[in-house]
Amino acid sequence: MRKRVVITGLGVAAPNAVGIAPFLEAIQSGRSGIAFQQNLADLKFSCQIGGIPPVTEAIKRHYFTELQLRQLNSSGIIYGVIAGMEAWQNAGLPIAGDEPDWDSGIVFGTGILGIDKFRESIYKVDEGQVRRLGSTVVVQTMTSGVSAYLGGIIGCGNQLTANSSACATGTEALLLGYERIANGQAKRVLAGSCSDHGPYIWGGFDAMRVMPYQFNDSPERASRPLSATASGFVPGSGAGALVLESLESALERNAVIYAEVLGGHLNSGGQRGGGSMTAPNSFAVKRCIQQAMTAANVQPEAIDLIDGHLTATIKDSAEVNAWCDALGRKGADFPYINSLKSMVGHCLSAAGSIECVAAVLELQHGFVYPSINCEDVHPDIAALIAPEKIPHELIRKDINMIAKANFGFGDVNACVILSKFQL
């Protein structure tokens with residue numbers, strides 16, 4: 001018998017805020033975290049803006065020891081540990097003593113980790129200074145580096161792993177953790193994802209010309225999902241984390257329950273039927289959404305809000321069309337739909353987890369955050385859904401069920417159904 005899975009902890013390091021309380025205020029007020037980045041201009045990037053979490057030295061020292069900070073040059077690990085530890089503490093969970101916590105695991109994904117540490121190491125090796133690399137290069141650059149750091153701090157003794165599925169990574173991590181708990185293999189899982197920031201991560205996208213260059217002087221206006229004047233995604237970075245827990249475990253320890261994970265689905269379009277390495281197969285997207293609802297045992301009319309992938313590229317219209325087809329809902333019957341990327345940019349492998357945290361906050365506090373910069377809704381989207389279903393300002397409203405999806409390079413898809421908890 002499958003177990004019910006709930007969310008009992010949240011943590012975030014996003015471009016517009018670090019920490020759940022300031023992040024909640026930021027998304028409710030529609031505050032952008034996108035800023036001009038001088039180093040991108042110096043390196044002759046076309047897009048010279050990006051979203052970087054405002055992590056201070058004081059915040060670092062709250063989560064890392066002085067020894068851990070020595071030679072630490074992996075922004076993804078910094079963001080991941082901050083978000084992961086905030087979520088663990090937010091859940092009211094203890095740090096393991098001498099014995100590992102056999103009931104708790106970690107699934108924390110990423111795309112490329114420690115790119116600046118790689119660069120530093122490559123220069124030293126090429127200069128014949130291999131003995132000066134230090135002892136932490138490997139753990140700062142291996143894909144499971146964040147899981148390893150968090151596992152050591154918390155003392156988790158269940159599965160400790162990392163997943164990597166491009167922009168679908170964070171939502172996939174949540175679903176992998178959900179399955180482990182639902183199947184009775186763990187009582188709780190810290191699920192999340194992170195992404196480094198900077199030119200060595202973002203350069204390839206600038207070369208592909210999928211990032212905007214018209215807004216270098218007005219960064220906060222640059223990320224424009226659902227808009228007729230959208231001209232590409234703004235790069236972002238950071239981490240999000242959620243503590244997933246079996247309902248019986250959460251009730252046993254009288255934990256605060258923020259939401260319930262009803263189910264979800266993962267699939268790939270196989271780079272067929274119009275799908276490619278960089279574009280989704282629209283039928284596979286539709287199938288992923290429908291299979292997620294089937295797994296969650298919910299009907300399309302029960303969805304109150306869609307937290308979309310919606311990157312501010314030419315694919316936004318196709319995504320909305322896929323949602324319409326999957327739900328069988330259009331016009332004024334369509335649910336509300338928003339995109340956190342309007343405020344934080346596209347945080348790549350961290351996108352899904354940061355956006356899942358935002359979705360849970362909407363359920364918990366009863367609101368729909370604004371999708372900023374889309375006053376000029378794309379005409380193809382306006383022809384599909386009523387414009388008022390895209391909130392330009394905060395809407396205070398009870399939200400009972402959210403469909404959250406992300407789609408990534410490699411034609412991979414992830415969709416999860418989140419609901420307000422009811423015993």
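A pocket, as I use the word today, is an open set of grid points where a 1.4 Å probe fits, with protein on both sides within 12 Å along at least five of seven lines. Please keep in mind that the structure before you is a predicted model.

I begin with the largest pocket, in which about 540 Å³ of space lies. Its lining comprises 27 residues, and those nearest the centre are Thr278, Pro280, Thr311, Thr313 and Lys315. Helix H12, helix H13 and strand E14, residues 401-408, are the elements that each give two or more residues to this lining. H13 contributes the largest share, with 4 residues. By class, the lining of the largest pocket holds 13 nonpolar, 9 polar and 5 charged residues.

Two of those elements also meet each other. The axes of H12, residues 282-296, and H13, residues 316-327, come within 9 Å and cross at roughly 45 degrees. The two helices are therefore oblique to each other, and the crossing is right-handed. On the H12 side, the contact is made by Ser282, Val285, Lys286, Ile289, Gln290 and Met293; on the H13 side, by Ala322, Trp323, Asp325, Ala326 and Leu327. Of these contact residues, 7 are nonpolar, 2 polar and 2 charged.

I turn now to the second largest pocket, whose volume is about 240 Å³. Here 14 residues form the lining, and Gly111, Ile112, Phe205, Leu348 and Ser349 lie nearest the centre. Strand E7, residues 188-195, and helix H10, residues 199-208, each supply at least two of the lining residues. The lining of this second pocket divides into 8 nonpolar, 5 polar and 1 charged residues.

How values were computed: Residues numbered from 1 in each chain as written. Predicted model: local features only at pLDDT ≥ 70, side-chain atom pairs only at ≥ 80, totals over all residues. Heavy atoms only, no water. Axes fitted to C-alpha atoms, helices over the stretch in contact; angles between N-to-C directions. Parallel < 35°, antiparallel > 145°, perpendicular 65-115°, else oblique. Left-handed = near helix turned anticlockwise from the far one by under 90°. Contact = heavy atoms within 4.5 Å. Nonpolar A, V, L, I, M, F, W, Y, C, P; charged D, E, K, R; others polar. 1 Å grid on protein atoms, 1.4 Å probe; cavity = no way out; pocket = protein on both sides within 12 Å on 5 of 7 lines; lining within 4 Å. Points joined across faces, edges and corners; volume = space filled by probe spheres on them.
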